[in-house]
Number of protein chains: 2
Amino acid sequence: MGFEDYFPVWDKLTPAQKNRLKGSAVKRTAKKGTVVHGGGRGCTGLLVVGHGQLRAYIISGEGREVTLYRLLDLDICVLSASCMMRSIQFEVTVEAEKDTSLWIIPAEAYREVMEESAEVANFTNELMAARFSEVMWLMEQVMWKSFDKRLAGFLLKESALEGGDALRITHEAIGNHLGNPREVVTRMLRYFQGEGMVKLRRGMIELTDKGKLQDICQGKQ
Amino acid sequence: MGFEDYFPVWDKLTPAQKNRLKGSAVKRTAKKGTVVHGGGRGCTGLLVVGHGQLRAYIISGEGREVTLYRLLDLDICVLSASCMMRSIQFEVTVEAEKDTSLWIIPAEAYREVMEESAEVANFTNELMAARFSEVMWLMEQVMWKSFDKRLAGFLLKESALEGGDALRITHEAIGNHLGNPREVVTRMLRYFQGEGMVKLRRGMIELTDKGKLQDICQGKQ
């Protein structure tokens, strides 16, 4: 499959616009753990995921992280091209969580097409609205949900994403997703273990009672 | 001044598009305290502020509020027309904080013009990006800033907005801006009073040492 199969409004573009995007798009692969955007590299461009998994997050002045959203197959990241828009005043970092193949469309080329084409501009609007919605969801969680609910929800989501009940993840990595120090994660996981909901092993967390985690997540316990 | 003076990309519209917007825009005034959008009223439309002050906020299941952003003269609220975009999955409420004159452009009319016009679509994109940036700023505050810093910052911002050091605001209203219970606000304000930074009176907070509040806000204390 080529780049055009991954870009939803491709059919609405003029031949010149198609050439502009196709001619500037760069295909690359990123090994698990690679930072694809951020860390002072300036404006990377639009990221179009072919196959794999990316994580977008922010970092505090003290180096604490919190995950904003994940990008899976066919997803498009617009915030890595934030220089296209004057009004975006924040920086996200994007890293590969699995080996990932992707296209990078340079911001300048994309912006040119977006300025000409109402379809591309409206499509970009929807992309941004989707990310905005994810961040609003996250903010509501942070504002109004206690940490046990957030952690239970995270474990269930990871299990769905990975398709299994044994998660290979460190307590520190969970802290980086949720924006909490490692010790806080460890303490709560030990409580979950005491209640029979998880079993902790080195570098691994096994979910042993997903129904109970679900109840916690929904505030039934 | 007419509606066209308040709408930045007016000159880029075709005569038909101008008629579409002008013909459907409704002028109204909202008394202080009126809810202009939200509370189950569906999709209000784009709000263009002529003169006054609006507050956009979200409400938790338990009725707690947190302020997302303010809209002042000439500002435009796009999230009150969120039904225009499929990908927006959250609800904001907008209320008048002062007596406010505004235009409401029905979402359907605006969406029609936005689908035709790359200029309007890109302008809308910038509007949304600006709100997105404010929410990201807020999330970073909530994630990483302690409550004393947030409260000091809020008092200074209110003082700048109102142009004076005596703020007529209740502790409950501050809690609704910051997403915290009233008691937490009262406790911290009493601490600030003990340190000589504010003087508390009935329904009023006087800022008596803005330099010290500034220091707290910037983490120098």
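Modeller: Let's start with a word we'll need: two strands count as paired if DSSP finds at least two bridges between them. Keep in mind too that this is a predicted model.

With that in hand, go to chain B and find strand S10, residues 198–201, and strand S11. These two pair in the antiparallel sense, with 4 bridges between them. If you'd like one bridge to look at, take B:Lys199, whose partner in S11(B) is B:Glu206. S10(B) and S11(B) form a hairpin, and 2 residues sit between them. In that turn, look for B:Gly203, which has a positive phi of about 65°.

Now follow S11(B), residues 204–207, to another partner. Strand S9 of chain B, residues 166–167, is joined to S11(B) by 2 bridges, and this pair runs antiparallel. B:Glu206 turns up again here, as the bridge partner of B:Ala166. As for what holds such strands together, strands of a sheet pair through backbone hydrogen bonds, either parallel or antiparallel.

Hop over to chain A and you can trace the sheet strand by strand. It is an open sheet of 3 strands, in the order S9-S11-S10, with antiparallel pairing. The edges are S9(A), at 166–167, and S10(A), at 198–201, each of which pairs on one side only. Between S9(A) and S11(A), residues 204–207, there are 2 antiparallel bridges, and A:Ala166 stands opposite A:Glu206. On the other pairing, S10(A) and S11(A) are antiparallel over 4 bridges; one to look up is A:Leu200 with A:Ile205. The hairpin of S10(A) and S11(A) has 2 residues between its strands, and A:Gly203 takes a positive phi near 65° there.

Next, step back to where the two chains meet. On chain A, 41 residues are in contact with 41 residues of chain B. The area buried between the chains is about 3500 Å², and carbon and sulfur atoms give 72% of it. As for charged pairs, the count between chain A and chain B is 0 salt bridges. Polar contacts do occur, with 12 residue pairs between the two chains.

Which parts of chain A do the touching? Strands S4 (54–59) and S5 (65–71), along with helices H2 (107–116) and H3 (118–144), each supply at least two residues of that side. The largest share belongs to H3(A), with 20 residues. Sorted by kind, the chain A side has 24 nonpolar, 9 polar and 8 charged residues.

In chain A, the sulfur atoms of A:Cys43 and A:Cys83 are 1.7 Å apart and form one of them. The link is left-handed, with -75° about the S-S bond. It ties together distant parts of the chain, as the two cysteines are 40 residues apart: A:Cys43 is in the loop between strands S2 (35–37) and S3 (46–51), and A:Cys83 is in the loop between strands S6 (76–77) and S7 (93–96).

Key: Residues numbered from 1 in each chain as written. Chains lettered and ligands numbered in written order. Predicted model: local features only at pLDDT ≥ 70, side-chain atom pairs only at ≥ 80, totals over all residues. Heavy atoms only, no water. Contact = heavy atoms within 4.5 Å. Buried area = accessible area lost by both parts, 1.4 Å probe. Salt bridge = Lys/Arg side-chain N within 4 Å of Asp/Glu carboxyl O. Polar contact = N/O pair within 3.5 Å; in protein donor to acceptor, adjacent residues only side chain to side chain. Nonpolar A, V, L, I, M, F, W, Y, C, P; charged D, E, K, R; others polar. Disulfide = S-S within 2.5 Å.
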